[in-house]
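Me: I would like to learn how to read a structure like this one, feature by feature. Please give the general idea before each case.

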Amino acid sequence: MDLATEYNNRTLVPNHPEIIARWHREAAAYRASHVGEFDIPYGARPRNRVDLFAADGGRGQGPLIVFIHGGYWRSFDKSSFSHVAGPANAAGFDVAVPGYTLCPEVTLADIIDEIRQCCLFLGQRSGRRLVLTGHSAGGHLAAAMTATEWPLYGARSDLIQACLSVSGLFDLRPLMATSYNNDLRLSPAGAMAASPLFWPMTSRIPFDSWVGVEESFEFRRQARSLAAAWSGLGLSCRYEEVAGENHFSIGDLFARADHPMTQRLLELARS
């Protein structure tokens, strides 16, 4: 198997520039038209900022939904994903969209720590539990937060209510065979340490893993692997392949209130 090809989504999806440009436009329009607090600092680094989008009609009820963006931990910014808050805001939920420092400025372990810091900040600030979701690298980070032993960080053990990961990567060892590792700088030990697939998972948090049917074999294998592993540990897990969607187009579904993936996220928030 050619791992370099399997993990190169931009080559596999030739029209990805059009999709990404649409994300930028829709995010800017949503940010300009919706009530929110932007660039709230949660840590010391410049990109340790989070945007909060208020539920339609005022402060939301229930958990805070947190969307973590992707980009192989080395590209994109939170400002390109503001629009994903739309369906949840309309359903009465507040939504947080955090940024984080990118590789190679920091290591992947540093990014995991930054998102943990953000979750701790959001939990303390809101007094509410968190429902995590994210796409690609963001799906990995959402799963890493789900598997975190929060009492070790001074937080309530049930800080995370549920997680819906989309096109996530959970075993990072194959990335060492790709050019992405020039920025990620993963060693065998570091790849294992940053892979939620190999972490102990003692909680019983509902976990969903969604992926596009048109994605590569490796991305579908990755998405299936953690749902299978955590199901074996007694978690309530769900694995879904979405027909007709590739690695980029599946990101559009977060902004579609009528899509089953978005409806499932709202179901997890309401449960």
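Reply: Start with strand pairing: two strands pair if DSSP finds at least two bridges between them. Helices (H or I, at least four residues) and strands (E, at least two) are themselves DSSP runs, numbered from the N terminus. This is a predicted model, where local features need pLDDT of at least 70 and side-chain atom pairs count only at pLDDT 80 or more, while totals for chains, interfaces and linings use all residues. Residues are numbered from 1 along each chain as its sequence is written, and side-chain values use heavy atoms, with hydrogens and water left out.

Me: In which sense do E1 and E2 pair, antiparallel or parallel?

Reply: Strand E1 (residues 36–41) pairs with E2 in the antiparallel sense, over four bridges. To place the pairing on the model, find Pro41, which stands opposite Arg49 in E2. E2 also pairs with strand E4 (residues 95–98), again antiparallel and over four bridges. There, Leu52 stands opposite Ala96 in E4.

Me: Which strand pairs with E5, and in which sense?

Reply: E5 pairs with E6 in the parallel sense, over six bridges. Gly134 stands opposite Ser165 in E6. In total the chain has ten helices and eight strands.

Me: How is burial read?

Reply: By relative accessible area: buried means under 20%, exposed over 50%, and partly exposed in between, with a 1.4 Å probe and protein chains only. By that rule 56% of the 271 residues of the chain are buried. In strand E2 (residues 49–53), four of the five residues are buried. E6 is largely enclosed by the rest of the structure, because seven of its seven residues are buried.

Me: Which residues of H10 are buried, and what covers them?

Reply: In helix H10 (residues 260–270) the buried residues are Met261, Thr262, Arg264, Leu265, Leu266, Leu268 and Ala269. Their cover includes strands E3 (64–68), E5 (130–135), E6 (160–166), E7 (207–212) and E8 (237–242), as well as helix H4 (86–90).

Me: How do I read the surroundings of a single residue?

Reply: List its contacts, where contact means heavy atoms within 4.5 Å. Take Thr146, found in helix H6 (residues 137–146). Thr146 is buried, with a relative accessible area of 1%. Leaving out residues up to four places away in sequence, Thr146 touches Leu132, Ile160, Cys163, Met201, Ser203, Ile205 and Trp230.

Me: What does Tyr180 touch?

Reply: Tyr180 sits in the loop between E6 and helix H7 (181–184), and at 11% relative accessible area Tyr180 is buried. Not counting residues up to four places away in sequence, Tyr180 touches Tyr7, Asn8, Asn9, Tyr72 and Arg74. From Tyr180 to Thr5 there are 175 residues in sequence and 12 Å in space, C-alpha to C-alpha.

Me: Is Arg45 buried or partly exposed?

Reply: Arg45 is partly exposed, with a relative accessible area of 33%. Arg45 lies in the loop between E1 and E2. Neighbours within four places in sequence aside, Arg45 is in contact with Thr101, Val106, Asp110 and Glu114. Arg45 and Tyr100 are 55 residues apart in sequence and 8.4 Å apart in space, C-alpha to C-alpha.

Me: What should I look for in the backbone?

Reply: Look at omega and phi. A cis peptide bond, with omega about 10°, joins Cys103 and Pro104. Pro104 lies in the loop between E4 and helix H5 (108–126). Asp39, a residue other than glycine, has a positive phi near 60°. Asp39 lies in strand E1 and counts as partly exposed at 44% relative accessibility. Phe76 is not a glycine either, and its phi is positive at about 75°. Phe76 is in the loop between E3 and H4 and counts as buried at 17% relative accessibility.

Me: How do I judge the chain as a whole?

Reply: Compare its radius of gyration, taken over C-alpha atoms, with the globule rule of 2.2 Å times the number of residues to the power 0.38. For 271 residues a compact globule would have a radius near 18 Å, and the chain agrees at 17 Å. Its C-alpha atoms fill a box of roughly 50 × 45 × 35 Å along the principal axes. Among contacts between residues at least 6 apart in sequence, 77% join residues at least 24 apart.
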